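Please look over the model shown here before reading the notes that follow. They are grouped by topic.

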Amino acid sequence: IQMSVIVLKDNNVNNIKDLKDSIFGACSASDEINTNKAKTLIEDEINTIILEDYVTLADTVKALYNGEIDAMILKEMERDSIDESYEGFDDRTKVIKTYEIKIASATANSAQVTQEPFNIFICGTDQKGDISTAGLSDVNMICTVNPVTKQLYLTSIPRDYYVDIAGYNGKDKLTHSAKGGIQCTMETIENFMGIEFNYYVKMNFTSFMSIIDALGGIEIDIPVYDTLYSDDGSFTTKIYKYEMKPGKTTMNSKQALAFVRERKSFVDGDKVRGQNQQLMIKAVVKKICSPSIITKLDGIFESVAESLETNMSSDEIRSLINMQMSDMAAWDVVSYHLDGESIRVKEFATIPGGTSNPNGLFVMQPYQETIDKAKSNIDTVMANEILIMDEDDE
């Protein structure tokens with residue numbers, strides 16, 4: 001978790017020691033534990049500080065703007081919440097120092113990975129650089145693996161799914177559960193899906209690109225989607241501005257990242273983005289299992305290991321690699337995307353006081369029938385039965 005000390009940009013403060021005898025402000029209700037840890041770290045450098053506590057983040061920003069406080073302590077993952085109320089916050093402020101506070105990872109519920117089915121939570125965060133940098137969960141996917149039937153079932157969950165957040169009192173966007181750490185996100189999904197995770201794999205933009213580079217690029221068969229700015233399904237990605245057309249395309253790491261992040265070009269927006277993320281995972285699995293790659297997989301894993309965070313042991317990963325090298329089996333990868341209805345709400349469990357936007361913010365209200373169907377499909381795979389998907393569901 002990153003906790004930053006923020007001041008106004010026109011303030012002549014340049015380092016944390018310049019803030020000695022200053023008044024700080026924070027909204028501890030957003031994360032009391034880590035706010036107190038940040039306060040302790042600051043006091044280690046400049047002695048005891050005065051810390052004013054505010055009911056909401058918006059109140060804290062207002063106090064900074066009005067000169068009631070000299071600096072504020074901000075949990076970096078709360079920036080998106082501030083932008084909803086104070087557009088231009090980044091332009092008016094500067095970061096004096098950021099403290100890295102380590103949060104506990106989720107404990108593995110170990111399985112015999114070559115002999116019995118298991119569930120992995122695949123988490124993709126909206127950050128670059130070191131994998132330890134906390135970020136909101138943009139990719140939330142259940143990967144149900146059955147090494148006996150050689151079937152892998154992917155369930156994609158929209159980032160804006162409005163669900164009860166584990167450890168908080170109320171509902172919020174699923175992506176905001178990352179504020180409580182990966183354990184919070186996993187428990188949140190376990191609760192509304194009625195499943196149990198065995199492991200997790202967390203990656204960010206940098207680690208995703210490292211994987212694609214290590215595999216020597218990836219081939220994707222881009223479907224014909226309903227796009228907003230063309231009649232033939234072609235589109236331009238928001239990042240890197242790549243022109244993409246339907247059909248088989250070999251992508252390098254930058255193109256692959258642009259592809260899985262794109263949503264603004266499509267009529268169905270985030271739903272298509274989730275489908276493209278599933279397409280990417282299917283393509284990665286297919287390439288990993290190919291004869292040209294499988295014999296190099298141990299080395300490939302070693303090259304990207306530092307870019308990933310997982311609670312699966314190296315012995316478990318190696319046993320899966322050895323199993324695949326031994327039988328060279330073709331895996332059947334099927335997928336499903338949870339759905340819902342776009343609505344506006346004002347109450348968010350991880351935002352003290354809710355949003356200050358009088359119109360509320362868009363979230364996705366889950367369609368329970370899609371949750372029930374995904375749960376039924378997961379149960380089928382876990383029961384060592386072959387899951388047959390309808391074409392309309394893929």
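**Briefing on selected local features**

Helix α2 is followed by Gly67, whose phi is positive, near 80 degrees; helices (H or I, at least four residues) and strands (E, at least two) are DSSP runs, numbered from the N terminus. This is a predicted model, in which local features need pLDDT of at least 70 and side-chain atom pairs count only at pLDDT 80 or more, while totals for chains, interfaces and linings use all residues. Residues are numbered from 1 along each chain as its sequence is written, and side-chain values use heavy atoms, with hydrogens and water left out.

**Helix α2**
- Within α2, residues 57-65, the buried residues include Leu57, Thr60, Val61 and Tyr65, where buried means under 20% relative accessible area (1.4 Å probe, protein chains only).

**Strands β8 and β17**
- Five of the six residues of β17 (residues 332-337) are buried, so this strand is largely enclosed by the rest of the structure.
- Strand β8 (residues 151-156) pairs with β17 in the parallel sense over six bridges, pairing requiring at least two DSSP bridges between two strands.
- Leu152 has Val333 of β17 as its bridge partner.

**Asn119**
- Asn119 lies in strand β6 (residues 118-125) and is buried, with a relative accessible area of 3%.
- Leaving aside neighbours within four places in sequence, Asn119 is in contact (heavy atoms within 4.5 Å) with residues including Ile142, Glu196, Tyr199 and Met382.

**Glu309**
- Glu309 is placed in strand β16 (residues 309-310).

Methods
Buried < 20%, exposed > 50% of the residue type's maximum accessible area, 1.4 Å probe, protein only.
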